[in-house]
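Dear colleague,

Please find below the structure that I am handing over to you. I would be grateful if you could look through it before reading my notes.

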Amino acid sequence: MIKLTHVSKEYPRRGYALRDVSFHLKKGEFAFLTGHSGSGKSTTMRLVHMSDRPTDGEVRVVGYSSEKVTQRHIWKIRRRVGFVFQDFRLLPGRTALENVAFVLEVTGTPRSAIVPKAQRLLTQVGLSPKSGAYVNELSGGEQQRVAIARALANEPYVLLADEPTGNLDDRATRGVMDLFWDINAKGMAVLMATHDLELIKRYPHARVFELDHGELVYDSAEAEAPVEA
Amino acid sequence: MYALREAIAAFRRAPVLTGLSSAMVGLALYVVGLFGLAAYNLQLALSSVEERVEVAVYLRDDARQSEIDLLLTELAAIPEVRSVRFISKRDAMARAQVELPEFGELFSDLEVNPLPQSLEVELRPGSRNPEVVERVSQSALLYPFVEDARYGREWVDKLFTLRRIGAATTAVLGSAFALVAALIIGTALRIAIFARREEIYVMRLVGATNGFIRRPFLLEGAMAGLLGGAIAWALTYATYRGVYAYLFEVAWMPDGWVALGMLAGGLFGAFSSTLAIRRHLEAI
Ligand SMILES: Nc1ncnc2c1ncn2[C@@H]1O[C@H](COP(=O)(O)OP(=O)(O)OP(=O)(O)O)[C@@H](O)[C@H]1O
Ligand SMILES: [Mg+2]
C-alpha cells in the first residue's frame, strides 16, 4: 500500500526534514507515526499523499510511484488515499452533508447517488442527526467526523491522518480512534501521525514508526521480529 | 454540468466584476467593430473604384497591326491580366464623343483624329495593385512603338496606402484594447480563484481532475468574452444607425463578420482565462 525506499526530503535553506527513510505499510495495517515536533511526521504524510515529492528515494502509494506519476495524474492517487488533518479543513458556510456531497460531486458521482451516499457516510461516522448543521456550528469532534466521512467518500484503500486528535478532548479522541479502528477492520490501511505517546500505548496492536530528526529510529514490526540481514 | 452551474454562479456572485470584464472585452471589440465597419465601407468604395484600375497603353500611329497583335498576345499572357482590348483611333473618338458630349462639335469639326490608338489592359480582381500595374506597364514600354503607358500611379498608390493604414490602425488599436481586456479578465478570474481557494484546495485534496477544477473558470472567461462580443455588437450597431441617420449612408457589415467578432470574443475570453488559470491555480 505504502512503501518508502531510501526517501530523503531536503527543504531549501532548512536542510533535511527526512533522511533515508524506508518502511512498508501493507494492506489493512494500522500504524502510528510518532516523534517529537519537527521530526518529519507531516513531511512524511505529505510525501505519501504526493502533495510533495522526495528529494531522493522513491515513494510508492497504491501502485503509483513518485518517480513516474505526473501532476496530471495525481488525482488518481487522491481518490485512493483519504486524508484527515488536525484542523479539519472543511468548507465553512456549508452543512455537514454538503461538505461530504461536495467531494462526491467533484469526483464524478452520478447526481442522484450523491445525497444518499453522503447520508450513508455521515451515518457511518455517527453524525446522521447533525447532517443538516453548518460545520462551524459543530464541535471539534463532530467536525473531525465530517472530515473523516469526507475522506472515506471515494472508498480509499488508505487513510492518512496527521494529528487528527490534536485539537480534540479525551472523549472526542476516543470516538475518532474507535472510528479509525472500525474503518481499519473493514480492510483499510491507516497511517496516523501523532506525538501523543499515551494514546499510542492504548493500542498495543498497532504498528509504530518513530522519527527523530528526520530519521526512522524505530519500527515496532522490526523490533519484535527482526528481519534477517 | 457542474462547470456550467459554477460559472453561472460565479457570474451571480460577482456581477460587477464579471460585468466589468465583459464591458472591457466589449470596448475592445467595439474598437475593432468600428474599424471593421469603416474598413468594410472603404472596401465597398474602393472595389467600385478598383474595377477601373487598368493600364492604358498608347500606341504610335505608325505601329503596324502585326506588331500590335504581338503585344496584345504578350500582355494577355501575363497571369494577372484578365483581358486586353484594342481601341482604334476611331473607337477612341467615338467614346470621347459619348463621354464628353460638350466637346461633341469640336470633335466632329476636326479633320484629323488627334486621339491615339491604344490597348486597354484590364487586370484580374485581386491583382489590381501598384506592383502589378507597374510591371504590366513596364513590359509594354519595352516596345518601340509604344508611346506611353498610364495608370494614374499616384492615385493607385494612395488608394493602397489608405487601405494599409486602415488595417494597421485596426490591428494596433484592437490588440491594445484586447491586451487590456485580457488583463482585466485575468484579474477577475484571479479574484474568483482567490474567493474559491478553499473549495479548490478541497477539490485537489479529494482527487478532482485538473480539467474539472479549471473548467468553470474557463467557461466563466468564455462567457465574459461572449457577453463582451454582444456588447460590442450592440455598440457598433448603434453607432452604425447613428451615422446612417445623421451623417451619411453606410453599409452594415456582412453577418459573417459579426458572427466572427462574437466568436472571437468568446474564444478570446477562454484563451485569456486559460493563461490566468494556468498560473494561479497551481499556486493553490
Ligand atoms: N514547506 C517547508 N519548507 C521548509 N521547511 C519545512 C517545510 N515543511 C516542513 N519543514 C521543516 O521540516 C522539518 C519537519 O517538519 P514536519 O512538519 O514534518 O514536522 P512534524 O514532525 O510534523 O512536526 P509537528 O509535530 O510539530 O507537526 C521541520 O524542521 C520543518 O521546519
Ligand atoms: Mg506535523
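The model is predicted, so to speak of local features requires pLDDT of at least 70 and side-chain atom pairs pLDDT 80 or more, while totals for chains, interfaces and linings use all residues. Residues are numbered from 1 along each chain as written, chains are lettered from A and ligands numbered from 1 in written order, and side-chain values use heavy atoms, without hydrogens and water.

Ligand 1 has 13 residues around it, and A:Arg14, A:Ser37, A:Lys41, A:Ser42 and A:Thr43 come nearest (a residue is near if one of its heavy atoms lies within 4 Å). Helix α1 of chain A (residues 41–48) contributes the most to this shell, four residues. Oxygen atoms of ligand 1 lie 2.7 Å from a side-chain N or O atom of A:Arg14, 2.7 Å from a polar side-chain atom of A:Lys41 and 2.8 Å from a polar backbone atom of A:Gly38.

There are two cavities of 30 Å³ or more (a cavity is a set of points on a 1 Å grid over the protein atoms alone where a 1.4 Å probe fits but cannot get out; lining residues have an atom within 4 Å of a point). The largest holds about 80 Å³, and its lining includes A:Arg78, A:Phe83, B:Leu205 and B:Val206.

Yours sincerely

How values were computed:
A polar contact is a pair of N or O atoms within 3.5 Å; within protein, one must be able to donate a hydrogen and the other to accept it, and residues adjacent in sequence count only if both atoms are side-chain atoms. Helices (H or I, at least four residues) and strands (E, at least two) are DSSP runs, numbered from the N terminus. On a 1 Å grid over the protein atoms alone, a cavity is a set of points where a 1.4 Å probe fits but cannot get out, and a pocket is an open set with protein on both sides within 12 Å along at least five of seven lines; lining residues have an atom within 4 Å of a point. Grid points are joined across faces, edges and corners, and a volume is the space filled by probe spheres set on the points.
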